[in-house]
Amino acid sequence: MLFKLSLSNIRKSLRDYAIYFFTLIIGVSVFYVFNAIGGQAAMLEMSDSQYEMIQVLETLISGTSVFVAGVLGLLIVYASRFLMKRRNREFALYMTLGMSKRKISAILLLETLMIGVGSLFVGLLIGIGLSQLSSAIVANMFEADMTSYRFTVSGGAIVKTVVYFAVMYLVVMVFNSFVVTRMKLINLMQSGKKSEQIKLKNPVLCVVVFLLAAGLLGYLYYQVGWRSVRIDRNDAIAIFAAGSAATFLIFWSVSGMLLRVLMSMKSVYFKGLNSFTFRQLSSKINTMVFSMSVICLMLFMTICTLSAAFSIRNSMNKNLDELCPVDYELAINLDTDKQSAYSDIIEVCEDNGYDITSDFSDYVNFKTYNDPELLLADSLGDALNEALKQFRFLDYEAPEQLVRLSDYNALMELYGREKLSMADDEFIMLCNYTSMINLRNKGLSVGTERTVFGHTLRSKYGTCQDGFIDISTEHINAGLIVVPDNVIEVSAATTEYFIGEYSSKDKAAAEQEVHDSYDAVMRTVSMSGNQEDDVLGETNFQGYMWTTKLEIKEAAVGLGAIVAFLGLYVGLVFLIACGAILALKELSDSVDSIGRYETLRKIGAEESDISRSLLRQTWIFFLLPLVLAGIHSVFGMKFLIFFLQIFGTENVGSSVAMTALMILLIYGGYFLVTYFCSKGIIKGKR
């Protein structure tokens, strides 16, 4: 009997509770898809380093899933409140007919169990289908081979999804049982007749609070937008806490001012159904101040997280071609206080039976230098004080890195970039790290003089020029000075570079050959010198490090994919939660307002006017937290750009546009579904 009644209740409720079921199903499918990434990747052909990245991603997603489960759990509990309120009269009827609260709890228990099993089943089916699509996305992001891929189902992801959602539904069951025990028949019978009283707050206090909150937000915007370099972790936490409090005060003051302001605009307030519309809207905001503040902050974090994640992913892919134009870079640190029996690394390798040049179709071998009298502090000039505040941990007593013009131009020819030219008494400052560019430009002007090994040189340009030596996917050159060949003292060499392009088309095989051969040479040199391993033999080598395009590419692709997946995971869940909370609140209010809409019809209101009133209430209700979140995000992204500049910020605009599209589809989709569901609810009593 109770089972049939529960099944009948669910069947009758499907239309009105579409938002609830839809959210549960989407939550389950999203949870499964992201937790199944590891299993999907196992079907792809990847290198060992790519598999390691996948394992890191899987670990991070598992940790993030705990947080995501908490968000979805709170959402399900919140949604259950709507379901309970919608059925007050039904529960009143049960109690009037003599049904005990224990049996009502049993009905709710069965309904929750059936809803849980149903949403889990449908959500997992959708998730399994979508996970096959996610495999293509994983393959694209990690640039893996899908030829051996086959349809697969992740048992681990299914178990994890079932366990997490089972715990959530168990909490809901306990919550529902607790609510039932506190129900009173008189309150249930009068729930639809009670008109919520709108308590008008003191307008003067609201204005004062609004101005104080707006002032606090303005100050915080200034801190994160224009003084971001001085913000440490503790400052960031304090700023976020203060911003959250200011956001709450904004909504609290607006909820008290909105109706007062509109009531003073009589030509607007008394036009059509505006008085009804604004009072309904004011009531919703008054009862949702805290929730709207949380939703606003979640939307803010969603916008910033997704935009930053997409920007890092896009920038790293773009930078790979621009900043990593060749296959191989070997950098050797030299000891300037020690003499070497060899002139360069090519001679070292040849003397030990390995012709390093044979593995490269084109290469450049050169050195960079330091003048102990030309320090970073000297180069910054008048910008030193600002640099000390902005970059506290830089070694300002470190010598500047110098490179000969002929060596740099040979490297640029290999890189396919424009060469430089200068007079014998000139120098050129190169830099591509945005913040350092601004500082170095303040210390430069046309004719600015620097002394290099006793030679007085003047700057050819009044600003830094774009350039670099090391291959990378990031803008990491904080300063490099190109000088005429004749001013350099060869004994001051501090780093030797061997940079080249493999001759073999099989890049991986060529790379392994170079690594094995060079390692063998270094072991021989180290042992023949009978010295410590970190000071190699008869050379003046202090240490060496190679960097390859294959390694950089795999690391960049992996990092970009990890950031993008985590950003998507958190962003999607936050968007679903925000849209669902607002939708459920709107639907709950529509249920409570059925009688009011009936009254409007009785006094002659047209159906089109009623629909227009509902539409205005819904879109303003959804728009308010989004607008403030958007304002927060403008300054939040300005703060994030300071940290993103190492990756390059050329793609921030497209990343923000992609984020806006996702918000439009998901958040906007919830708005449309909410409006049409509310419209169906208020058409009349069932």
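The count of salt bridges in this predicted model comes to 13, where a salt bridge is a side-chain nitrogen of Lys or Arg within 4 Å of a carboxyl oxygen of Asp or Glu. Side chains of opposite charge can pair when their charged atoms come close. One of these bridges joins arginine 458 and glutamate 426, with 3.2 Å from N to O. Arginine 458 lies in strand 6 (residues 455-459) and glutamate 426 in strand 4 (residues 426-430), so the pair ties together parts that are 32 residues apart in sequence. Helices (H or I, at least four residues) and strands (E, at least two) are DSSP runs, numbered from the N terminus. Arginine 458 is partly exposed, at 33% relative accessibility. Glutamate 426 is buried, at 10%. Buried means under 20% relative accessible area, exposed over 50%, and partly exposed in between (1.4 Å probe, protein chains only).

Other bridges sit within a single helix. Arginine 601 pairs with glutamate 598, and their closest N and O atoms are 3.3 Å apart. Both residues belong to helix 21 (residues 594-602), 3 residues apart, about one turn of the helix. Glutamate 598 is partly exposed, at 22% relative accessibility. Aspartate 609 and arginine 612 also form a salt bridge, with closest N and O atoms 2.7 Å apart. This pair lies in helix 22 (residues 607-644), again 3 residues apart, about one turn of the helix. Aspartate 609 is partly exposed, with a relative accessible area of 31%. Arginine 612 is partly exposed too, at 41%. Elsewhere, salt bridges link Asp327, Glu501 and Lys507 in a network.

Residues are numbered from 1 along each chain as its sequence is written. Because the model is predicted, local features need pLDDT of at least 70 and side-chain atom pairs count only at pLDDT 80 or more, while totals for chains, interfaces and linings use all residues; side-chain values use heavy atoms, with hydrogens and water left out.

The protein has 23 helices and 9 strands. Of its 686 residues, 51% are buried. Contact means heavy atoms within 4.5 Å. Among contacts with a separation of 6 or more, 85% join residues 24 or more positions apart.

In soluble globular proteins, nonpolar side chains tend to be buried together. A nonpolar core is a set of buried Ala, Val, Leu, Ile, Met, Phe, Trp, Tyr and Cys residues joined through side-chain atoms within 4.5 Å. The largest such core holds 92 residues, and Phe34 and Phe165 touch the most other members. Helix 20 (residues 549-592) supplies the largest share of this core, 21 residues. Leaving aside residues up to four places away in sequence, phenylalanine 34 touches Ile61, Phe565, Leu568, Tyr569 and Leu572. A second, separate core has 48 residues, including Ala377, Ala492, Phe498 and Val525.

The structure holds 0 disulfides, a disulfide being a pair of cysteine sulfur atoms within 2.5 Å. For cysteine 296, the nearest cysteine sulfur is that of cysteine 578, 9.1 Å away. Cysteine 296 is buried, at 0% relative accessible area. Cysteine 324 is likewise buried, at 0%.

The accessible surface of the protein comes to about 31,400 Å², and 61% of it belongs to carbon and sulfur atoms. Accessible areas come from the Shrake-Rupley method with a 1.4 Å probe; for residues, only the protein chains shown count as cover. On the surface, Phe121, Val122, Leu125, Ile126 and Leu130 form a nonpolar patch, with about 440 Å² of accessible area together. Patches are made of residues with over 30% relative accessible area and no salt bridge; like charges are joined within 9 Å, nonpolar side chains (Val, Leu, Ile, Met, Phe, Trp, Tyr) within 5 Å. Leucine 125 lies in helix 6 (residues 101-142).
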